[in-house]
Amino acid sequence: MSKRVMVVDDSKVVHSQMHKILDGTDFEIVKCVKSGESAIEEYEEVKPDVITMDILMPGVDGLEAAKEIMEKWPDARILMVSSLAYDETIDEAVKIGAKGFIFKPFKGEAVIKALSQALRD
């Protein structure tokens, strides 16, 4: 049975890359949204097994969205995605409850490995 993934990123390019990477794997993208607000609104309806969450987005950023989702749904599994990752950002993501980090630009193997690991933890 495929694992359900929600992709949260304001870039259509990232949505497309994720579709290409996950095509033919045990992961199925069930929803792509462009903002933290949309991720929070859609989470309960979509009920993904794991979320990939960009950090820098207009409006509610990925860290704030992850925090809200984790407060409402403590079993949520979130992987943070960013090209601008500093130690403080990673520490904040871990404190919130993120299951890992994917660095942009990402490679397919790294994404699949991180998603698999997030589901094991």
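**Exercise 1.** Determine which residues Met-80 is in contact with, leaving aside its neighbours within four places in sequence.

Solution. In this predicted model, with those neighbours set aside, Met-80 touches Met-53, Ile-55, Gly-62, Leu-63, Ala-66, Ala-93, Ala-98, Gly-100, Phe-101 and Ile-102.

**Exercise 2.** Describe the largest nonpolar core and the elements that contribute to it.

Solution. The largest nonpolar core holds 25 residues, and Met-80 is among those with the most contacts inside it, together with Val-8, Ile-51, Met-53, Ile-69 and Ile-78. Turning to the elements, two or more residues each are given by E1, helix H2 (36–46), strand E3 (50–54), helix H3 (62–72), strand E4 (78–82) and H4. Of these, H3 supplies the largest share, five residues.

**Exercise 3.** Classify the packing of helix H1 (residues 12–22) against helix H5 (residues 108–120).

Solution. The axes of H1 and H5 lie 10 Å apart, and the helices pack at an angle of about 80°. Because angles of 65 to 115 degrees count as roughly perpendicular, H1 is roughly perpendicular to H5. On the H1 side the contact is made by Met-18, Ile-21 and Leu-22, and on the H5 side by Gly-108, Val-111, Ile-112 and Leu-115. Sorted by class, this contact has six nonpolar residues, one polar residue and no charged residues.

**Exercise 4.** Find where confidence is lowest and where it is highest in the protein.

Solution. The mean pLDDT of the protein is 93, with 98% of its residues reaching 70 or more. Confidence is lowest in helix H4 (residues 87–96), at a mean of 84, whereas it is highest in strand E1 (residues 3–8), at 98.

Notes. Residues are numbered from 1 along each chain as its sequence is written. This is a predicted model: local features need pLDDT of at least 70, side-chain atom pairs count only at pLDDT 80 or more; totals for chains, interfaces and linings use all residues. Side-chain values use heavy atoms; hydrogens and water are left out. Axes are lines fitted to C-alpha atoms, for helices over the stretch in contact, and angles run from 0 to 180 degrees between N-to-C directions. Helices (H or I, at least four residues) and strands (E, at least two) are DSSP runs, numbered from the N terminus. Angles under 35 degrees count as roughly parallel, over 145 as roughly antiparallel, 65 to 115 as roughly perpendicular and the rest as oblique. Contact means heavy atoms within 4.5 Å. Ala, Val, Leu, Ile, Met, Phe, Trp, Tyr, Cys and Pro count as nonpolar, Asp, Glu, Lys and Arg as charged, and the others, Gly among them, as polar. pLDDT is the predictor's confidence in each residue, from 0 to 100. A nonpolar core is a set of buried Ala, Val, Leu, Ile, Met, Phe, Trp, Tyr and Cys residues joined through side-chain atoms within 4.5 Å. Buried means under 20% relative accessible area, exposed over 50%, partly exposed in between (1.4 Å probe, protein chains only).
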